[in-house]
Amino acid sequence: MTGSESGTTDAPTGVLHEMTRDDVESLDPEVVLFGIGSTEPHGPHLPYGTDVYQTDGVCERAVRQANERGAAALMYPTLPIGNNVNFRAYPFACRIGVRTLMNVVLDVVEALEDEGIRKVVLVNGHGGNTATLTATLREHAGRNAVDEGAFVCLTSTVDAIPDEAADRIEHPSVHAGESETSRMLYLRPDLVREEEFDAFPRREPTVEELRSDDVTFVPPWHGFMPESAGGETRASSAEKGEAFVEGAADFVADVLVALDEAEVHELFPYPREE
């Protein structure tokens, strides 16, 4: 059923939560966007849902923009719970296991493949999910023959921020610092407690060698950031947040449009042999 037949001329948004069955059939999705977030403490100034709000904010803007540019992209609901084993010292830091998260994502991708989808973009909104999602790409790649299954790629709400926007961060932090606080000031200022802004402490390991980027371990967050947030937040602003969110959405939209137009084949994303 077209928009005019259903009594509206509005094209489907691509945001599945907002769509009817007829909307989905009218869109006939070519590429699916699936966000993975987290629900966890972000200091005294930001809500537990910070990662979900940011992931939703980027994904919704990206899919709407892509469809306005002629793509047929569908946004799946953002997964609100991820890997948080190192937040156990804080109350109600929602978590599922590494294998559980991997299996959830693989199940979603498999269901999309059953729908005929050959192109899937994952957007990660929580640093604790990164290693699992990267491993999930490899696990998925081994489940199908080379010319079968969906092409699945991964980006994040941070990696998608253009360099020129990211350069505006005066005080870098991996959690609940200037960047995340700015994004929430833009997306959900009603949930941000500006009176709590501060320079939140971050601790270094006592073993000097563990401070190197060449050594990886899972930090107990209450040891690393005792306030659950880390870094200076008083330089945060909604203006910076707009640049971060809209810049990331523009990048993800570009990915969606490019994939929408691409033909998936046995060598994709590389050219077929002549």
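Predicted model: local features only at pLDDT ≥ 70, side-chain atom pairs only at ≥ 80, totals over all residues.

**Reading the backbone, the sheet and the packing**

Reply: F92 lies in the loop between strand 2 and helix 3.

Me: What is the phi of F92?

Reply: Most residues other than glycine have a negative phi, and most peptide bonds are trans. F92, which is not a glycine, has a positive phi of about 55 degrees. A second case is S228, whose phi is positive and near 70 degrees although the residue is not a glycine. S228 is placed in the loop between helix 7 and strand 6 (231-232).

Me: Is F92 buried or exposed, and is S228 buried or exposed?

Reply: With a relative accessible area of 74%, F92 is exposed. S228 has a relative accessible area of 4% and is buried.

Me: Which peptide bond is cis?

Reply: The bond from F268 to P269 is cis, and its omega is near 15 degrees. P269 belongs to the segment after helix 8.

Me: Let us turn to the sheet. What is the order of its strands?

Reply: Strands of a sheet pair through backbone hydrogen bonds, either parallel or antiparallel. Here an open sheet of four strands has the order 2-1-3-4, and the pairing is parallel. Strand 2 and strand 4 (151-156) are at the edges with a single partner strand each, so one side of each has no neighbour in the sheet. From one strand to the next, the twist averages 20 degrees.

Me: How many bridges join strand 3 and strand 4, and how many join strand 1 and strand 2?

Reply: Strand 3 (residues 119-124) and strand 4 pair in the parallel sense over six bridges. Within that pairing, V120 has V152 of strand 4 as its bridge partner. Strand 1 and strand 2 are also parallel, and five bridges join them. There, I36 has L79 of strand 2 as its bridge partner.

Me: How many residues of strand 2 are buried?

Reply: Six of its seven residues are buried, so strand 2 is largely enclosed by the rest of the structure. On strand 4, S156 may be examined individually: its relative accessible area is 11%, and it is buried. Leaving aside residues up to four places away in sequence, S156 touches V123 and N124.

Me: At what angle do helix 6 and helix 8 pack?

Reply: Two packed helices are described by the angle between their axes and the distance between the axes. For helix 6 (residues 178-187) and helix 8 (residues 238-261), the angle is about 95 degrees and the axes are 7 Å apart. The two helices are therefore roughly perpendicular to each other. Residues of helix 6 in the contact include R183, L185 and Y186, while those of helix 8 include K240, F244 and V245. By class, this contact has six nonpolar, three polar and five charged residues.

Me: The aromatic residues remain. How many aromatic pairs are found in the whole structure?

Reply: A pair of aromatic rings is described by the distance of the centres and the angle of the planes. The search of the whole structure finds five such pairs. In one of them, the ring centres of F34 and Y76 are 6.5 Å apart and the planes stand at 80 degrees, so the pair is edge-to-face. This pair links distant parts of the chain, with F34 in strand 1 (residues 31-36) and Y76 in strand 2 (residues 73-79), 42 residues apart. Both F34 and Y76 are buried.

Me: How are the rings of F87 and W221 arranged?

Reply: Their centres are 5.1 Å apart and their planes lie at 20 degrees, so the pair is stacked. F87 is in the loop between strand 2 and helix 3 (98-114), and W221 is in helix 7 (residues 221-224); the pair, 134 residues apart, links distant parts of the chain. Both F87 and W221 are buried.

Note on methods. Residues numbered from 1 in each chain as written. Heavy atoms only, no water. Axes fitted to C-alpha atoms, helices over the stretch in contact; angles between N-to-C directions. Parallel < 35°, antiparallel > 145°, perpendicular 65-115°, else oblique. Contact = heavy atoms within 4.5 Å. Nonpolar A, V, L, I, M, F, W, Y, C, P; charged D, E, K, R; others polar. Phe/Tyr/Trp six-rings, centres within 6.5 Å; stacked < 30°, edge-to-face > 60°. Buried < 20%, exposed > 50% of the residue type's maximum accessible area, 1.4 Å probe, protein only. Pairing = 2+ DSSP bridges.
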